[in-house]
Amino acid sequence: MFLKEQKTIIKLSPRLQAVAELVKPGLKLADIGTDHAYLPIYLIQQGKSPLAVAIDIHRGPYESALKQVALQGLEDKITVILGNGLEPLQPGQVDVVVLAGMGSATMIEILEAKPELVLKLQQLVLQPMVGVGQMRKWLVENGWAINNEILVKDDGFIYTVLSALPGEQSISDWLTLELGPILLKEKPPLLKDYISKMLSDYENVLINLAQTQSQEVKQKRLDLLEKINLLKGVISSGFKG
Ligand SMILES: C[S@@+](CC[C@H](N)C(=O)[O-])C[C@H]1O[C@@H](n2cnc3c(N)ncnc32)[C@H](O)[C@@H]1O
């Protein structure tokens, strides 16, 4: 996170750094759920984004964003708004929307609330805290093609960051939705750790389900076993590094 309360070049956490990395240069940016506005401040300071809008729904984060932007003397480049999702924006006002640090369901709700704006975007950069598979599914079903994916470890957790561009992409199988078409192709070493964590979560659920004998639970167990096999298949197919 941000270390010093004074005008300085912002240093981002590894998670936000990965988000910043995926933003295409030269695009007007909206950071929804900006909190402290570190991401737009960093992108403007790096010269990667020409202009930004930083939006947050809660007064505390909004005031924190206002304060940081003023501290960096970037009021002419970053507009800070107290508001809900994309609501304060006009279609065409920004080219890329970043949503980071929220669940996929909230992100999807925000994107679906303003389709006329989303239709005009050139890029989405998303870092869902949960439901990454659900996020990928929404993207490919709503005219977006995933062009980049990063796994990043920050404070013991592994986060996924997605970039999508307008376009057609067809992904329907569970494994590719969960792990990502690019990550599955590139197989970075962190993917193995990510899968291991999924396997241990699923195995814990299996243990809990073993107590119940209903038909519905039996089916759940079979589904989980199938997923576990698919994940183990990826691990046994080998990794870089
Ligand atoms: C966990 S913080 C993430 C902050 C920052 N994006 C990051 O990744 O470090 C989530 C932020 O999203 C804001 N938020 C949640 N729902 C929102 C919405 N519908 N519109 C705007 N901001 C929202 C919250 O107030 C909070 O500041």
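Tutor: Before we start, domain bounds come from an automatic or database domain assignment. Keep in mind, too, that this is a predicted model.

Student: Okay, which domains does the assignment give here?

Tutor: Domain 1 covers 14-174, and domain 2 covers 191-236.

Student: And how far apart do the C-alpha centres of domain 1 and domain 2 lie?

Tutor: Those two centres are 32 Å apart.

Student: Now the helices. What describes two packed helices?

Tutor: Take helix α1 (residues 14-22) and helix α2 (residues 38-45): their axes come within 10 Å and cross at roughly 50 degrees. Angles under 35 degrees would count as roughly parallel, and 65 to 115 as roughly perpendicular, so α1 and α2 are oblique to each other. As for handedness, α1 passes α2 in a right-handed crossing.

Student: Which residues of α1 and α2 make the contact?

Tutor: On α1, look for L16, V19 and A20; on α2, pick out Y38, L39, Y42 and L43. Sorted by class, that contact has seven nonpolar residues, with no polar and no charged ones.

Student: Let's move to the ligand. Which residues come nearest to it?

Tutor: There are 17 residues around the ligand, and G33, D35, P61, A100 and G101 come nearest.

Student: What classes do the residues of the shell divide into?

Tutor: Eight are nonpolar, seven polar and two charged.

Student: And which element supplies the largest share of the shell?

Tutor: That's β4, with three residues. β2 (52-56), β4 (96-102) and α4 (104-112) each supply at least two.

How values were computed:
Residues are numbered from 1 along each chain as its sequence is written. This is a predicted model: local features need pLDDT of at least 70, side-chain atom pairs count only at pLDDT 80 or more; totals for chains, interfaces and linings use all residues. A residue is near a molecule or strand if its C-beta atom, placed from the backbone, lies within 6 Å of it. Helices (H or I, at least four residues) and strands (E, at least two) are DSSP runs, numbered from the N terminus. Ala, Val, Leu, Ile, Met, Phe, Trp, Tyr, Cys and Pro count as nonpolar, Asp, Glu, Lys and Arg as charged, and the others, Gly among them, as polar. Axes are lines fitted to C-alpha atoms, for helices over the stretch in contact, and angles run from 0 to 180 degrees between N-to-C directions. Angles under 35 degrees count as roughly parallel, over 145 as roughly antiparallel, 65 to 115 as roughly perpendicular and the rest as oblique. A crossing is left-handed if the near helix is turned anticlockwise from the far one by less than a right angle, and right-handed if clockwise. Two residues are in contact if their C-beta atoms, placed from the backbone, lie within 7 Å.
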